[in-house]
There are 2 protein chains.
Amino acid sequence: MKCSDCKWRKYCLPSDLSGPSLSEFEHIVHLGKKFEKEQRIYSQGSSFRSLFAIQSGSVKTQYTLTSGYTQVTAFYYPGEVIGLDAIDTDKYPGTAIALEDSIICEIPFAHLEQIAQQQPILNQSLFKLMGREFVRDQSLLFLLGSRAAEERVLSFLSSIAKRHTIMNPESQQLQLSMSRTDIASFLGISLETVSRELTKLKKNGWLELSGRNVLIHQPANFKEYVFQLADKTI
Amino acid sequence: MKCSDCKWRKYCLPSDLSGPSLSEFEHIVHLGKKFEKEQRIYSQGSSFRSLFAIQSGSVKTQYTLTSGYTQVTAFYYPGEVIGLDAIDTDKYPGTAIALEDSIICEIPFAHLEQIAQQQPILNQSLFKLMGREFVRDQSLLFLLGSRAAEERVLSFLSSIAKRHTIMNPESQQLQLSMSRTDIASFLGISLETVSRELTKLKKNGWLELSGRNVLIHQPANFKEYVFQLADKTI
DNA sequence: CGCGACGTTGAGATTCGTCAATGATAGTGG
DNA sequence: CCACTATCATTGACGAATCTCAACGTCGCG
């Protein structure tokens, strides 16, 4: 599938391109590569060649220290671009792993830089994309700055729900693609605490919960609750 | 003072420029503006016009939520560039405040984009600069992902010491320019805990400590200790 | 149907935050 | 130059939140 036909183009890198400049962009991209669940999109330490744009599915990125300690640093959904953190060092500083069977477009960075140099609009889009990633990171820093487990879990749910709504406006039911362990690692709390907080939300009537299936009862009220307690959106 | 004479050029945005392209860059930069301690370099919500490069002194960035809750998100030292997180939104999402009397160069972003479009090297430097900022954010996320206060304080000290050593290779004595409150906010722990952890390090003989003056006794051993316990450097 | 991975729940131990009092430091004005 | 004051930093006691360890459920896949 070409970018011009992609549902998520307006959220993706070629958002502002059209006509011949879009064709040129499509020309350098390896579109729609398939990745299976658990498969790596890139690995920590390997040479940086490409950015990757999610077309369908979901991805986690994780970093492993020399000590062996591993931490999940982000979850990504369609329209989002991963690999930006490799630009400085020419190596991927982390590993990206598909959380489910996913379709992902590979954007060779050297080519991208070349054509961006000739297309101011693309260059700007790239800057904006990176800027957006900063804002995302800042939100996350905020989230982790507080120590309250409930806030962390709420922010996580809220973030996932928001993105789910953009992708599936018709369906309230959302299915988490990541394990409790992944969530815990991402939020910097123990997996037991994640489980307990989710159970608490369920008991208090905020949502239905069965394994990885989540249904938020009154999204508007829920959002208000999150906002009061834990809105880390800048 | 011009970039060509600046000690920190190789760490700064024009690192790879020379000759006429460097002159052109210098031409658009407002060099060496003075900011007093506590003075704002830019404010949250105001229009994004420029990036700022620290020439001397130090800066903190902080974000304030609608609830009024404020959090310090980074400390910056000479050679480092701030304001990158505003590129996406055209507003500064946070506030930057000088921690001491500082000299800072203003880089109007519209001009920068223009000349970067003609100078691939500068464009690449800008990408790299942003990439470096991602790595920094990731490191911080990693740090905050762990809950141990000792690790957080150690990582903070280690980060400051590393930058201090680059700037002042001859002196081991470092003077923190930020308050305990700022450190606590940045690390996501209470200021009392910061104080207690620092005192603990002092009692265990790792460093000398008097107010904001810190002297790390055996930097090599200290680094090893940090590495074992808390190395979040990716 | 059984096994293994994933998720939930419970109890005790630990860490850290909060509140509060005390001590040090720097900036201000007499 | 010194005293005064406001801000900043340290220290202690207590309680709450979360981690760890452990047992028990549950789900999906072969």
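Predicted model: local features only at pLDDT ≥ 70, side-chain atom pairs only at ≥ 80, totals over all residues.

Student: OK. How does chain B lie on chain A?

Tutor: Chain B can be laid on chain A with an RMSD of 0.1 Å, using a turn of 179 degrees and a shift of 0.2 Å along the axis. The two copies are thus related as by a two-fold rotation axis.

Student: And through what do the copies meet?

Tutor: Through the same surface, because 96% of the interface residues of chain B are also interface residues in chain A.

Student: On to the DNA. How many residues surround DNA strand D, and which are the closest?

Tutor: There are 17 residues around DNA strand D. The closest are A149(A) and T193(A) from chain A, plus R147(B), R180(B) and S195(B) from chain B.

Student: Which helix gives the most to the surface near DNA strand D?

Tutor: That's α6(B), with five residues. In both chains α6 spans 191-203, and α6 of chain A and α6 of chain B each supply at least two residues of that surface.

Student: What do the side chains do at the phosphates of DNA strand D?

Tutor: Take T193(A): an N or O atom in its side chain is 2.3 Å from a phosphate oxygen of DNA strand D.

Student: What share of the DNA strand D atoms by the protein belong to sugar or phosphate?

Tutor: 61% of the atoms of DNA strand D within 4 Å of the protein, and the rest belong to bases.

Student: How does the surface near DNA strand D split by class?

Tutor: It has eight charged, five polar and four nonpolar residues.

Student: Now DNA strand C. Which residues are the closest there?

Tutor: R147(A), R180(A), T199(A), A149(B) and T193(B), out of 18 residues that surround DNA strand C. By class, the surface near DNA strand C has eight charged, six polar and four nonpolar residues.

Student: Which helix gives the most to the surface near DNA strand C?

Tutor: α6(A), with five residues. Again α6 of chain A and α6 of chain B each supply at least two residues of the surface.

Student: What does R196(A) approach on DNA strand C?

Tutor: A base nitrogen: a polar side-chain atom of R196(A) lies 2.8 Å from it. At phosphate oxygens of DNA strand C you find polar side-chain atoms of T193(B), at 2.3 Å, and of S190(B), at 3.0 Å.

Student: Switching topic: where does UniProt put the HTH crp-type domain in chain A?

Tutor: The unreviewed UniProt entry lists it at residues 147-220 of chain A. That span is 57% helix and 15% strand, with end C-alpha atoms 25 Å apart.

Student: And where does UniProt place the CRIB feature?

Tutor: At residues 17-32 of chain A, also from an unreviewed entry. The chain there is 62% helix and 19% strand, and its end C-alpha atoms are 19 Å apart.

Student: Last one. How many aromatic pairs are there over all chains?

Tutor: A search of the whole structure finds 26. One of them is F75(A) with F156(A), an edge-to-face pair at 5.9 Å centre to centre and 65 degrees between the planes.

Student: Why does that pair tie together parts 81 residues apart in sequence?

Tutor: Because F75(A) lies in strand β5 (residues 70-76) of chain A, while F156(A) is in helix α4 (residues 149-167) of chain A.

Methods: Residues numbered from 1 in each chain as written. Chains lettered and ligands numbered in written order. Heavy atoms only, no water. Least-squares fit on C-alpha atoms with pLDDT ≥ 70 in both. Contact = heavy atoms within 4.5 Å. Near = heavy atom within 4 Å. Polar contact = N/O pair within 3.5 Å; in protein donor to acceptor, adjacent residues only side chain to side chain. Helix = DSSP H or I, 4+ residues; strand = E, 2+ residues; numbered from the N terminus. Nonpolar A, V, L, I, M, F, W, Y, C, P; charged D, E, K, R; others polar. UniProt positions renumbered as here; feature names shortened; annotations may be inferred. Phe/Tyr/Trp six-rings, centres within 6.5 Å; stacked < 30°, edge-to-face > 60°.
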